[in-house]
Amino acid sequence: MAGLPLPIESHVLQAFVTEGLKPFIDTVVTFGAGHFYVSQSDKGGLVFGGDIDGYNSYAQRGNLATVEHVAEAGVAMIPSLTRVRYLRTWGGVMDMSMDGSPIIDRTHIDNLYLNAGWCYGGFKATPASGYCYAHLIARNEPHETARELRLDRFQRGYQIDEKGVGAQPNLH
């Protein structure tokens, strides 16, 4: 609506929940080699997910290939998951930048600031993001922590290539 082109794509990220189990995970556990994460809810169900579906979509459902991939990664990390029943699955649309890292920057439009493109890691970074965003709005300059997260990095060719991912959405 502001006429501001953004280097952002929309992808589906699926999540899953199992039947209730006795407590055995008291934190979030990630498996980087398989792009898998899991935690246990207060009701005992395992809540987990993994890779994005890998193609642009606004659908709020995922595809079976991703379900299989996430299940395989989970079983590779926790073999006993083969005996657990999945209760439900859902997909959510998330907007991610082309390098998978967020954009925290001011725009060329007066008083329009941007905090976007967080991909699937954003919920873990909310406190730091809010702090950096507040600094940007209050001082009209990026916080030192967020200096590399400027919008113009894509024009300048300075995409962020975090270790183990890659500078394009299908490598995350």
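Visitor: Is R150 buried, exposed or partly exposed?

Guide: R150 counts as partly exposed, because its relative accessibility is 29%, and the buried class covers values under 20% while the exposed class covers values over 50%. Keep in mind that this is a predicted model.

Visitor: What does the side chain of R150 meet in a salt bridge?

Guide: It meets the side chain of D152, with 2.5 Å from N to O. D152 is partly exposed as well, at a relative accessible area of 21%.

Visitor: Which residues are joined into one network there?

Guide: R150, D152 and R156 are joined, through salt bridges that share partners.

Visitor: How many salt bridges does the count come to?

Guide: Four salt bridges.

Visitor: OK, back up a bit. How many helices and strands does the chain have?

Guide: There are three helices and seven strands in the chain. Going along the sequence, the pattern reads β-β-β-β-α-β-β-β-α-α.

Visitor: What does the C-alpha trace span?

Guide: About 55 × 30 × 30 Å along the principal axes of the chain. The chain has 172 residues, and 40% of them count as buried.

Visitor: And the accessible surface, what does that come to?

Guide: About 10500 Å² for the chain, with 53% of that belonging to carbon and sulfur atoms.

Visitor: Now the sheet. In what order do the five strands come?

Guide: The order is β2-β3-β4-β1-β5, in an open sheet with antiparallel pairing. At the edges stand β2, residues 29-31, and β5, residues 86-97. Each of these two has a single partner strand, so one side of each has no neighbour in the sheet. From one strand to the next, the twist averages 25°.

Visitor: What packs on the sheet?

Guide: Helix α1, residues 64-77, packs on it and touches β1, β2, β3, β4 and β5. The direction of α1 makes about 135° with that of β4.

Visitor: How many bridges do β1 and β4 pair over?

Guide: Six bridges, in the antiparallel sense, between β1 at residues 8-20 and β4 at residues 45-56.

Visitor: How do strands of a sheet pair in general, what holds them?

Guide: Strands of a sheet pair through backbone hydrogen bonds, and the pairing can be parallel or antiparallel.

Visitor: Let me pick a residue in β1. Is S10 buried or exposed?

Guide: S10, which lies in strand β1, counts as buried because its relative accessibility is 7%, and the cut-off for buried is under 20%.

Visitor: Which side chain does the side chain of S10 make a polar contact with?

Guide: That of D95, at 2.5 Å. Leaving out neighbours within four places in sequence, S10 is in contact with Y55, N56, S57, Y58, V93, M94 and D95.

Visitor: Back to salt bridges. What does R85 form one with?

Guide: With E19, where the closest N and O atoms are 3.0 Å apart. R85 is in the loop between α1 and β5 and E19 is in strand β1, so the pair ties together parts 66 residues apart in sequence. R85 is exposed, at a relative accessible area of 58%, whereas E19 is buried, at 17%.

Visitor: And R153, what does its side chain meet?

Guide: The side chain of D99, in a salt bridge of 2.9 Å from N to O. This pair links distant parts of the chain, with R153 in helix α3 and D99 in the loop between β5 and β6, 54 residues apart.

Visitor: Are those two buried or exposed?

Guide: R153 counts as buried, at 0% relative accessibility. D99 is buried too, with a relative accessible area of 1%.

Visitor: What share of contacts join residues at least 24 apart?

Guide: The share is 64%, among contacts in the chain between residues at least 6 apart in sequence.

Visitor: Last one. Where does T27 lie?

Guide: In the loop between β1 and β2. T27 is partly exposed, with a relative accessible area of 47%. Not counting residues up to four places away in sequence, T27 touches V38 and S39. T27 and Q40 are 13 residues apart in sequence, and their C-alpha atoms are 7.5 Å apart in space.

Definitions and conventions: Residues are numbered from 1 along each chain as its sequence is written. This is a predicted model: local features need pLDDT of at least 70, side-chain atom pairs count only at pLDDT 80 or more; totals for chains, interfaces and linings use all residues. Side-chain values use heavy atoms; hydrogens and water are left out. Two strands pair if DSSP finds at least two bridges between them. Helices (H or I, at least four residues) and strands (E, at least two) are DSSP runs, numbered from the N terminus. Axes are lines fitted to C-alpha atoms, for helices over the stretch in contact, and angles run from 0 to 180 degrees between N-to-C directions. Contact means heavy atoms within 4.5 Å. Buried means under 20% relative accessible area, exposed over 50%, partly exposed in between (1.4 Å probe, protein chains only). Accessible areas come from the Shrake-Rupley method with a 1.4 Å probe; for residues, only the protein chains shown count as cover. A polar contact is a pair of N or O atoms within 3.5 Å; within protein, one must be able to donate a hydrogen and the other to accept it, and residues adjacent in sequence count only if both atoms are side-chain atoms.
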